[in-house]
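I opened this notebook to keep a record of what I looked up, in the order in which I looked it up.

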Amino acid sequence: MLKKTATVIIALIFTVGLFGQSIPERIHSIVYLKANNGNKNQLEKGIAEHIKKFHSDGEWPEFVHEVIAGERTGQYFHFSAAHQWVDFDNRIRSKDDVQHWEANIVPYVDENSSSLQISYVRYIPALSIPYDPNDYQMFKVVYNYVEPGKESDFEFFVKKNVEAHKKLKDGHKHHFYKLVLGGRLPVYVGVHPMKKFEDMNEPGGVFGKVYNEEEVKELFKRFDNSVEKRISEVWKARPDLSSPN
């Protein structure tokens, strides 16, 4: 009896300890790479070599998606695995790593674009319906440029969207990120996984199936008043240019 009681107490202490800890932030460094005219093959070769040589041991995974629709069609979206801020402080890139990047990637990047401009985004669990990225090869991406001071209205809208999908159990999935450093703020990025272009036909009218007419009007009023503009694109995963999963 004493042994059983002790086991329960230990379990409770462990559980309380877990809930007492704050959830670690998931920060990604991101950068778009645009090839110089005629240097797309050279850029891809440089990326593949660099990832294989310096990012295949699991220490600092990096991944690449190719933009196949949208204003940045043909560019490469390069991003790190999720980290905490302290990881960026503690990271020490080797001299060989830096030199290889500068010799095999930088010369083939269009220096007249925003290429090599590093930004950072934070994953937002409260606005997301999680999925395993490895299950998908395509992603619809929407950049929401939110009016300063209207973040709470936008987040309320997305949270009600998440609530609606969960109530309907319709299988919808998406991740939301917020730009926290680099470029115009605030910006929220919605990433929606797809297996084929046909998945763009996702049924609409989700709010109307869960909320009444007045609630739906209020939700879209909040959205319209909080979002300045939206920009969308489609990414295709490039495992040949990425760290092993």
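Predicted model: local features only at pLDDT ≥ 70, side-chain atom pairs only at ≥ 80, totals over all residues.

The entries below go from the strands to the cores, and then to a helix and the rings.

**Entry 1: strand 7 and its partners.** I next followed strand 7 in both directions across the sheet. With strand 5 it pairs in the antiparallel sense over eight bridges, and Val189 of strand 7 is the bridge partner of Tyr143. With strand 6 the pairing is again antiparallel, over four bridges, and here Tyr188 of strand 7 is the bridge partner of Lys178, while Phe176 stands opposite Gly190. The hairpin of strand 6 and strand 7 has five residues between the strands, and in it Gly182 takes a positive phi near 100°.

**Entry 2: how enclosed is strand 7?** I asked myself how many residues of strand 7 are buried. The count is eight of the eight, so the strand is largely enclosed by the rest of the structure. Both of its faces are covered, with Val187, Val189, Val191 and Pro193 buried on one side and Tyr188, Gly190, His192 and Met194 buried on the other. I looked separately at His192, which has its place in this strand: its relative accessibility is 17%, and because the cut-off for buried is under 20%, it counts as buried. Leaving aside neighbours within four places in sequence, His192 is in contact with Met138, Phe139, Lys140, His172, Lys173 and His174.

**Entry 3: the nonpolar cores.** I then looked up the largest nonpolar core, which has 23 residues, and in which Phe77, Phe139, Val141, Tyr143, Val189, Val191 and Trp235 have the most contacts. Two or more residues come from each of strands 1 (27-33), 2 (62-69), 3 (76-80), 4 (119-123), 5 (138-146), 6 (175-181), 7 (187-194) and 8 (227-237). Strand 5 gives the largest share, four residues.

**Entry 4: helix 5.** I checked the length of helix 5 (residues 151-168) against expectation: at 1.5 Å a residue its 18 residues should span 26 Å, and the end C-alpha atoms are 26 Å apart, which agrees. Its buried residues are Asp153, Phe154, Phe157, Val158, Lys160, Asn161, Val162, Ala164 and His165, and these pack against strand 5, strand 6, strand 7, helix 6 (206-210), helix 7 (213-226) and strand 8. After the helix comes Lys169, whose phi is positive, near 50°.

**Entry 5: aromatic pairs.** A search of the whole structure gave 19 aromatic pairs, and I looked at two of these in detail. How are the rings of Phe77 and Trp235 arranged? Their centres are 4.1 Å apart and their planes stand at 20°, so the pair is stacked. Phe77 lies in strand 3 and Trp235 in strand 8, so the pair ties together parts that are 158 residues apart in sequence. At 5% relative accessibility Phe77 counts as buried, and Trp235, at 5%, counts as buried too.

The other pair, Phe157 and Phe207, is edge-to-face, with 5.1 Å from centre to centre and 85° between the planes. Because Phe157 lies in helix 5 and Phe207 in helix 6, this pair ties together parts that are 50 residues apart in sequence. Phe157 is buried with a relative accessible area of 10%, and Phe207 is buried with 5%. Finally, I noted that Phe154, Phe157, Phe176, Tyr188, Phe207, Tyr211, Phe220 and Phe223 form one aromatic cluster.

Note on methods: Residues numbered from 1 in each chain as written. Heavy atoms only, no water. Core = buried A, V, L, I, M, F, W, Y, C linked by side-chain atoms within 4.5 Å. Buried < 20%, exposed > 50% of the residue type's maximum accessible area, 1.4 Å probe, protein only. Expected span 1.5 Å × (residues − 1). Contact = heavy atoms within 4.5 Å. Pairing = 2+ DSSP bridges. Phe/Tyr/Trp six-rings, centres within 6.5 Å; stacked < 30°, edge-to-face > 60°.
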